[in-house]
Amino acid sequence: MTSDTSGKAPATGYFTEDNSVEVVNARIGGNVDARLATVLACLVKHLHTFAQEIELTQEEWELGIGFLTRTGQICTRERQEFILLSDTLGLSMLVDAINNRRPNGATENTVLGPFHVEGAPVRAMGERITLDGKGDSCLFLGRVLDLDGNPVEGARIDVWSDNADGYYDVQQPNIQPKWNNRGVFVTGPDGHYSFIGIKPVSYPIPDDGPVGKMLDQLGRHPYRPAHMHYIVQAQGYQKLVTHTFVGDDPYLDSDTVFGVKKTLVAPFEPAADGDILWRSDFDFVLARFE
Ligand SMILES: [Fe+2]
């Protein structure tokens with residue numbers, strides 16, 4: 001008499017090309033975090049569909065694993081290559097868009113970027129944030145308003161930009177003064193803000209790693225169009241993370257991280273006021289929590 005050595009097949013059947021998603025996702029236990037199960041099941045579905053749709057070769061799979069490995073290996077406290085990857089594939093902007101749907105008239109969000117630093121000095125309204133003396137001085141001014149056009153008092157405006165050489169202070173800790181081109185301003189009852197920075201310049205994202213190589217292989221440049229970063233927060237309002245962009249920048253229509261929105265292109269006009277060469281007026285409109 002022969003014994004049965006076939007064992008017990010999974011309820012879904014054994015793994016095949018046709019039922020792969022079903023088989024893999026059937027392994028998710030019943031007593032696990034529901035959102036985690038949903039997210040992973042959807043990820044498996046799309047990964048398998050991706051591999052099937054393009055008939056992924058073994059060599060391509062190995063190339064992908066190698067790419068992701070190198071992407072992880074170059075990451076440090078200061079260098080986050082996976083975020084660069086997400087940014088350059090448009091995923092960061094998509095997640096930002098999904099999570100920051102706003103009513104018409106409210107200022108739009110865009111990506112935070114990797115160079116924000118908590119704890120920038122709170123400065124007096126109108127103060128200069130440029131500490132290295134480089135670049136074309138620019139007066140930034142405007143108001144923080146609600147959707148009805150009323151000024152928002154006590155709004156905290158955290159601003160940062162690169163310097164005239166295209167680097168943030170944190171990229172050049174031994175070259176630039178700490179907090180160069182950064183500051184926090186708090187609005188008074190009139191909602192006005194103003195500060196003196198520089199007219200920002202376009203810069204490449206760090207492109208000496210796997211993501212830079214990927215961009216090169218895809219015939220893409222690594223540049224971001226010139227922009228000033230803002231986080232605007234006020235009690236009772238949705239947090240606004242955004243930039244204003246310099247309108248005549250050559251990279252405006254090809255931002256490597258897809259951060260540009262039409263409504264965020266700000267006027268930069270010649271000022272010729274002492275050493276202030278430029279002026280940029282921009283109002284921020286905050287939406288209340290729903
Ligand atoms: Fe930036």
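**Note on the predicted structure**

1. Histidine 192 lies in strand β4, which covers residues 192–198. Is histidine 192 buried, exposed or partly exposed? Its relative accessible area is 40%. Histidine 192 is therefore classed as partly exposed, since that class lies between the limits of under 20% for buried and over 50% for exposed.

2. The surroundings of histidine 192 deserve attention. When neighbours within four places in sequence are set aside, the residue is in contact with Met125, Gly142, Arg143 and Thr187. Arginine 182 stands 10 residues from histidine 192 in sequence, and their C-alpha atoms are 18 Å apart in space.

3. The protein as a whole contains six helices and 12 strands. Five of the strands form an open sheet in the order β3-β2-β7-β8-β9, and their pairing is mixed. Strands β3 (182–186) and β9 (265–266) are at the edges; each has a single partner strand, so one side of each has no neighbour in the sheet.

4. Within this sheet, how do strands β2 and β7 pair, in the parallel or the antiparallel sense? Strand β2 (residues 156–160) and strand β7 (residues 227–233) are antiparallel, with five bridges. Tryptophan 160 is opposite histidine 229 of β7. In general, the strands of a sheet are paired through backbone hydrogen bonds.

5. Helix α6 comprises residues 210–217, and its buried residues are Pro210, Val211, Gly212, Met214 and Leu215. Against which elements do these buried residues pack? Their packing partners are α3 (58–73) and α4 (81–88). After α6 comes glycine 219, with a positive phi near 70°.

6. The overall dimensions should be read together. The C-alpha trace spans about 100 × 40 × 30 Å along the principal axes.

7. Of the 290 residues, 41% count as buried. The accessible surface comes to about 16,600 Å², and carbon and sulfur atoms contribute 55% of that area. Among contacts between residues at least 6 apart in sequence, 70% join residues at least 24 apart.

8. Finally, the charges may be considered.

Methods
Residues are numbered from 1 along each chain as its sequence is written. This is a predicted model: local features need pLDDT of at least 70, side-chain atom pairs count only at pLDDT 80 or more; totals for chains, interfaces and linings use all residues. Side-chain values use heavy atoms; hydrogens and water are left out. Two strands pair if DSSP finds at least two bridges between them. Helices (H or I, at least four residues) and strands (E, at least two) are DSSP runs, numbered from the N terminus. Buried means under 20% relative accessible area, exposed over 50%, partly exposed in between (1.4 Å probe, protein chains only). Contact means heavy atoms within 4.5 Å. Accessible areas come from the Shrake-Rupley method with a 1.4 Å probe; for residues, only the protein chains shown count as cover.
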